[in-house]
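Trainee: I am new to this structure. Please show me how to read it.

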Amino acid sequence: MTAIVLLGPPGAGKGTVAEVLVEKGYTHISTGELLREQIRLGTPLGLKAKKLLDLGKFVSDEIVVGMIQVVLEAASAGKKFLFDGFPRTLLQAKKLDELLCSREGDLSDVILLECPDELIVERLSGRRTCTKCGAVYHTTYNPASVDDICDADGCELQLRPDDAVETIKRRLAIYTERTAPLVGFYQERGRVYTVDASRSIEDVRNEVLERLG
Ligand code: AP5
């Protein structure tokens, strides 16, 4: 089992890069998407998570690590995982190490997507997400063929509740405080490859694909 981590602030383009890596055989695990699925299903976890997500706050380490544990324990040995939005705290990073180690797995690369805050606000406020399949569009940079309708399944596209400008600012502040320290944590192990994510979607995707072969 091998794993790659996509690290970077909200809106840097982690999900957008992940789409092309899935075509290369990676299994995409987005903790944000796993949580939104629980919200769509209306489970007790989803109800609890919704309040936090809408405010741009983190769900507890315990819940998130528990979700990842379930995924890894059910996985076959040859799997290639792509983690998007996980880990987000030092504790989560240490737990990921333990989980991979217990499955004789290896974290091969950490791809850091760097993007200035001004661009992030523009990207997230123009983002539209499919209410059914979660596909991601942008009103300017990656529009759907028909306004507000998903190309893949014809369902409605919506602005995510946590993509309101004030919530974006809170998410960025929490990223700086709690997630940015992971860069140093992984740099010490020589695992970090930094990508300038302010460029076009195509350029960013191509650089990541080149890096990961
Ligand atoms: P999550 O869903 O992980 O959100 P996030 O990390 O804030 O990241 P985003 O999905 O907002 O952005 P992205 O980097 O994937 O960008 P995207 O590709 O969509 O988490 C949501 C919430 O869940 C958290 O706030 C927290 O509450 C909770 N949570 C999740 N994981 C957790 C954890 N581990 N611990 C605790 N809580 C957790 O791109 C954004 C937009 O820009 C799109 O419209 C896209 O089309 C466009 N775009 C992308 N790249 C480019 C480009 N190069 N040029 C132009 N436009 C671009």
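Mentor: Start with the ligand. A residue is near a molecule if one of its heavy atoms lies within 4 Å of it. Here, 36 residues surround the ligand, and the closest are Thr16, Lys57, Arg88, Arg127 and Arg171. This is a predicted model: local features need pLDDT of at least 70, side-chain atom pairs count only at pLDDT 80 or more, and totals for chains, interfaces and linings use all residues. Residues are numbered from 1 along each chain as its sequence is written, and side-chain values use heavy atoms, with hydrogens and water left out.

Trainee: Which atom of the ligand lies 2.9 Å from glycine 15?

Mentor: First, the idea: a polar contact is a pair of N or O atoms within 3.5 Å. An oxygen atom of the ligand lies 2.9 Å from a backbone N or O atom of glycine 15. For threonine 16, a side-chain N or O atom is 2.6 Å from a ligand oxygen. Isoleucine 201 has a polar backbone atom 3.4 Å from a nitrogen atom of the ligand.

Trainee: At what angle do helix 4 and helix 5 pack?

Mentor: Axes are lines fitted to C-alpha atoms over the stretch in contact, and angles run from 0 to 180 degrees between N-to-C directions. Helix 4 (residues 61-73) and helix 5 (residues 90-102) pack at about 20°, with axes 10 Å apart. The two helices are therefore roughly parallel (angles under 35 degrees).

Trainee: And at what angle do helix 6 and helix 7 pack?

Mentor: Helix 6 (residues 117-125) and helix 7 (residues 165-179) pack at about 135°, with their axes 10 Å apart. That makes helix 6 oblique to helix 7. Oblique covers what is left after roughly parallel, roughly antiparallel (over 145) and roughly perpendicular (65 to 115).

Definitions and conventions: Helices (H or I, at least four residues) and strands (E, at least two) are DSSP runs, numbered from the N terminus. A polar contact is a pair of N or O atoms within 3.5 Å; within protein, one must be able to donate a hydrogen and the other to accept it, and residues adjacent in sequence count only if both atoms are side-chain atoms.
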